[in-house]
Amino acid sequence: MPNHHTSGAPYRSAALVKKTYDDFRKQERKFKLRVSATQLFILIAFIIGWELGGRLKWIDPLLFSYPSKVGYQIWKDMMDGSLWPHLGMTVGETIVGFMLGTILGTLLAIIIWWSRFLAKVLDPYMVVFNSMPKVALGPLFIVGFGPGFTAIVVTTLSITVMITTLVVYNAFREVDPNYVKVVQVFGGRRGVIFKKVILPSSYPAIISTLKVNVGLSWVGVIVGEFLVSKVGLGYLIIYGFQVFNFTLVLASLVLIAIVATFMYVVVEHLERRWLRK
Amino acid sequence: MLPTVELRNVTHVYVNEREAKLAIEQLSISIAPGEFVSLVGPSGCGKTTLLSIIAGLVEPTEGDVFINGDRIKGTTQYIGYMLQQDYLFPWRTIMDNACIGLELTKQLNEVTKERVLNLLDGMGLGGTEKLYPHQLSGGMRQRVALVRTLATEPELLLLDEPFSALDYQTKLQLEDLIVETLKAREKTAVLVTHDLSEAIAVSDRVVVLNRDPGSVRRSFQVPEPIRSAQPFYAREQHGFNDMFHEVWKELEASDRKVRGRNNA
């Protein structure tokens, strides 16, 4: 059987390839499991530590409360229905502020990309406005738009629009001019260049401003609610602070963390769908 | 017969905020239909500017450009342009990339799509239509760029160092492919390159440019046996080395002229 060796060799290497791959997969799975387990452990340890710390008075329970109390507060407010208007209002304001901020910011970026003249003219104003603490304009918005939804959305926009414009406009400008040349050679004018090159190659930048804007919108909305509102999680925080019910403050924070995380996950999902990779 | 490209006394001044610089001065050149001309010269001789002027992307400060006897204004469909790198759009599939010229010139239909598929097939890219550029090797991507350029059936191809970003083996293969394709379709071509041996191997005529400002220094007709051989074999033809040295000397001299002037 002179062929025994040569016919056996490729089979053996195929087995080796498969084994190497399987081992690699197994190790990766183990690693992921270890990461998840550790994450879970930290969370549980934090909650238990907080609970014990509060109950055994290692930390001031008036100020820091503890998880079972916070959980009960949320549960109770959910059951008697007093939570929903607050939660609904805040989430609504945040989503509207977030979407409008991104859309308006991107539109503004498109306009100044289109006109070099406008870009130059507006440049110093945008820089000044962007470096200002915009929440300081809050009182103005409240008087201007009346205390409520609109004023809070506008406060949010004052925080998100300018930074979106600056980031997206920069992404537009950083597109490799050779990509533009490809389209120009085929006779593409400014509108075509924008649609076929500038916009698609800036998708990643636009997505990453979305992620930043999730956080900024929450800042805008909560600050807006601090200043003015009668409903919303920001109002609950201020109210809890005034009546010294810090369990209510922490309960609101926990809810904000949950909804904000959820929004972030949605944006990330959008990112994967949009960039298809 | 009308020349495909004719530049008459073209002068171009580059301006930015800091300075105005004379890039090309009184440059005249005429390229016959079906001719393959290489432009070689030291960096700063305005080679890429020259291509942009022929393509209609840049309007020369002075002088006239004629394509098939017509003075050009802006880009025309007679002209295809290949860049140093493929510049395929990463967000488009290979097929969509290859079709972009047709799409922009509003010629995209079943017939032209079929043509693009045939072109892809002919370049050994069959089956890659639905892939994305990052899934292909550098040589394959540059071939897709060639298909993109040929899809709109331009008469004149402007090649701006299309081989310079490739490894040596791929470069030689692609040279053969491009020259074969262009000869078979009787296209006119202008190639800009740093690589002297490439210039001699692929073209009918090699034009040496002066730098600072760019102008024509000397034109070399490539002798018949080298011209008709495939680029890969052209390098082995009798007379290739002699020509290489002659052109090399001219290039050196054009470089030295400027340095001498600057030192004085």
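Trainee: In strand β4(B), which residue is the bridge partner of B:Arg8?

Mentor: The partner is B:Asp64. The model is predicted, so local features need pLDDT of at least 70 and side-chain atom pairs count only at pLDDT 80 or more, whereas totals for chains, interfaces and linings use all residues. Residues are numbered from 1 along each chain as its sequence is written, while chains are lettered from A and ligands numbered from 1 in the order in which they are written.

Trainee: How many bridges join β1 and β4 of chain B?

Mentor: Strands of a sheet pair through backbone hydrogen bonds, either parallel or antiparallel. Here β1 (residues 5-15) and β4 (residues 62-67) of chain B are antiparallel, with 5 bridges; pairing requires at least two bridges found by DSSP. Strands (E, at least two residues) and helices (H or I, at least four) are DSSP runs numbered from the N terminus.

Trainee: In what order do the strands of this antiparallel sheet of chain B stand?

Mentor: The open sheet of 4 strands reads β2-β1-β4-β5. Its edge strands, β2 (20-31) and β5 (70-71) of chain B, each pair on one side only. Helix α1 (residues 47-55) of chain B packs on this sheet, touching β1, β2 and β4, at about 120 degrees to β1(B). Such angles, from 0 to 180 degrees, lie between N-to-C directions of axes fitted to C-alpha atoms, for helices over the stretch in contact. Contact means C-beta atoms, placed from the backbone, within 7 Å.

Trainee: What is the pairing in the sheet of 6 strands in chain B?

Mentor: The pairing is mixed, and the order in this open sheet is β6-β7-β8-β3-β9-β10. Because β6 (79-82) and β10 (215-221) of chain B each have a single partner strand, one side of each lacks a neighbour in the sheet. Within chain B, β3 (residues 36-40) runs parallel to β8 (residues 188-192), with 4 bridges, and B:Ser38 stands opposite B:Leu191.

Trainee: Which residues have the most contacts inside the largest nonpolar core?

Mentor: In soluble globular proteins, nonpolar side chains tend to be buried together. A nonpolar core joins buried Ala, Val, Leu, Ile, Met, Phe, Trp, Tyr and Cys residues through C-beta atoms within 7 Å; a residue is buried with 20 or more other C-beta atoms within 10 Å of its own, exposed with 12 or fewer, and partly exposed in between. Here the largest core has 77 residues, and B:Val147, B:Leu158 and B:Val190 have the most contacts inside it. Helix α5(B) supplies the largest share, 6 residues.

Trainee: Where does helix α9(A) bend?

Mentor: A bend is the angle between axes fitted to the seven residues ending at a residue and the seven starting there. Helix α9(A) bends by about 50 degrees at A:Tyr203, and A:Pro204 follows within four residues.

Methods. Two residues are in contact if their C-beta atoms, placed from the backbone, lie within 7 Å.
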